[in-house]
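Please examine the sequence and the three-dimensional structure shown below. The paragraphs that follow lead through them step by step.

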Amino acid sequence: MAIPIRGGVNQSVLLVVFFVPVVVLAAALSPDSSSSRPALPSSSSSSSSSSSSSGGGGSGVGINSNSVLVALLDSHYTELAELVEKALLLPTLEDAVGRRNLTIFAPRNDALDRDLDPEFKRFLLEPRNLRSLQTLILFHCVPARVLVSSSSANSSSRSRSRSPHRLPTLAADPLSLSHHDSSAAVVVGGAAVVHPDAVLRPDGVIHGIERLLVPRSVQEDFNRRRSLAAISAVLPTGAPEVDPRTHRLKKPAPPSPPAPPGPPIFDAMAPGPSLAPAPAPGPGSGKHWFDGESQVKDFIQTLLLYGGYNELADILVNLTSLATEMGRLVSEGYVLTVLAPNDEAMARLTTDQLSEPGAPEQIVYYHLIPEYQTEESMYNAVRRFGKVRYDTLRLPHKVVAREADGSVKFGQAEGSAYLFDPDIYTDGRISVQGIDAVLFPPTRPSRPAPPSLPPTASRRPSSSASPSPSPPGEGNYWKRRARC
């Protein structure tokens, strides 16, 4: 027996009125609503919706073997795939494919090998330019499904006024897509699409283009870096020149007139550069034409980076104030050659040699030559003259150099040292030559004492012995004295 329900129609109406706003509100808050999707050409909107519903990537879907990113590893696009790996963009693209369809405008390998500038490629692969490489790769990726072939077919049946479409990319810059009336070709970002719809996958499309697309920000960054490199390659006025064949400093040009007064004949015949200071004001003038402090810091830093000369650098900076004095000399126009003993040589110094007041300064002064000498100039001098004496800052002592075993040997006998590390630092003002021993000035040998006379008693003749004959001339001396 059926029981009639009173008021059923009114209850149904109330349920419909209650649930319809809830459904509308849920549809408005859905992330897949059409308002959150990027604006695409009208010709591809229908295909985009159908592909996303059929097999696109929803949020949380993993990357499978049929993904568009796997298809990017095809033999025609391996160069671009390598750039993606070097740009560390695989997680970013996997996340983009997992959330929506992805369209990649990819140049083929032959296009990259033929048209990409080698200098621009080196710029992209430098670690400091990683952000520019990432921007360049993301500029080729559109977070939507764009079918170029269907877009051009639909556009041909419509009006001939084809304004370029602006496609949002994963980079900050948008990408323009346009159609040519004459050839019906599709152009994206100024490059023709030569292989439209080359790879079709459920989660994306790959179109082959004729060349690499370079956004304006990357091009400006490249131009700025290239301009800075060109400016840094210009040598300042008066900088030393290096011979590209021998990788050694070229001899400085003769001084411009007025020429300095002629040196004495001994200095004129001395080998190597002149002993006179560089053409600049002398000591105490108050005018600093060179930044000697920076040059001394530079050569001390070079000693530390070269390795094996930390003890000498510690003496110059911490134990003494010689670094400041050397910087003052170089600022006033003088040049210096430093004979730098290595750490093994400094370790052989005894406590007695360093304990006397001023001993470290005197040791270093004997290793400073007030000339600019390189390994080549010193070796040529000893080859020509056999033995060369160089002045030092420890006056009046000189350092003797001679040729030995195809190298330059300083000092004499046991206190000698070989030129061990040539041209550690050469900047035209300071030259550093590494040696394997600490040099000391030769000590003057003391005059031998007169031989001691035998005892007087041993020279007196005994009373029983016969008198010894007097030396020649002694008897005549007493005879002449008696006559007087």
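Residues are numbered from 1 along each chain as its sequence is written, and side-chain values use heavy atoms, with hydrogens and water left out. Helices (H or I, at least four residues) and strands (E, at least two) are DSSP runs, numbered from the N terminus. Two strands pair if DSSP finds at least two bridges between them.

The order is S9-S8-S14-S13-S12-S11-S10, and the pairing is mixed. Strand S9 (368-369) and strand S10 (387-391) are the edge strands, each of which pairs on one side only. Strand S8 (residues 336-341) is joined to S9 by two bridges in the antiparallel sense; there, Val 338 has Leu 368 of S9 as its bridge partner. Strands of a sheet pair through backbone hydrogen bonds, either parallel or antiparallel. Helix H18 (residues 375-385) lies across S10, strand S11 (398-404), strand S12 (407-410), strand S13 (417-426) and strand S14 (430-435), and runs at about 135° to S10. Such angles run from 0 to 180 degrees between N-to-C directions, with axes that are lines fitted to C-alpha atoms, for helices over the stretch in contact (heavy atoms within 4.5 Å).

A further open sheet has seven strands in the order S2-S1-S7-S6-S5-S4-S3, again with mixed pairing. Strand S2 (141-142) and strand S3 (165-167) stand at its edges with a single partner strand each, so one side of each is left without a neighbour in the sheet. Strand S1 (residues 102-107) and strand S7 (residues 204-209) run parallel and are joined by six bridges, with Ile 209 in S7 as the bridge partner of Pro 107. Strand S5 (residues 186-188) pairs with strand S6 (residues 191-201) in the antiparallel sense over two bridges, and Val 187 stands opposite Ala 192 in S6. The hairpin of S5 and S6 has two residues between the strands, and Gly 189 takes a positive phi near 60° in this hairpin. S6 and S7 run antiparallel and are joined by five bridges; His 195 stands opposite Gly 208 in S7. A hairpin through two residues joins S6 to S7.

In H14, the buried residues are Leu 322, Ala 323, Met 326, Gly 327, Val 330 and Ser 331. What covers them includes H12, H13, S8, H17, S9 and S14. Gly 333, which follows H14, has a positive phi near 110°.

The whole structure contains five aromatic pairs, that is, rings of Phe, Tyr and Trp (its six-membered ring) whose centres lie within 6.5 Å; planes under 30 degrees apart count as stacked, over 60 as edge-to-face and the rest as tilted. One of these pairs, Phe 299 with Tyr 425, is tilted, at 6.2 Å centre to centre and 45° between the planes. This pair links distant parts of the chain, since Phe 299 lies in helix H12 (residues 292-306) and Tyr 425 in strand S13, 126 residues apart. Phe 299 is buried at a relative accessible area of 0%, and Tyr 425 also counts as buried, at 9%.

Finally, the confidence of the model deserves attention. The protein chain averages a pLDDT (the predictor's confidence in each residue, from 0 to 100) of 74, and 65% of the residues score at least 70. Over residues 1-61, pLDDT stays under 50. Where pLDDT is low, the predicted coordinates should not be read in detail.

Methods: This is a predicted model: local features need pLDDT of at least 70, side-chain atom pairs count only at pLDDT 80 or more; totals for chains, interfaces and linings use all residues. Buried means under 20% relative accessible area, exposed over 50%, partly exposed in between (1.4 Å probe, protein chains only).
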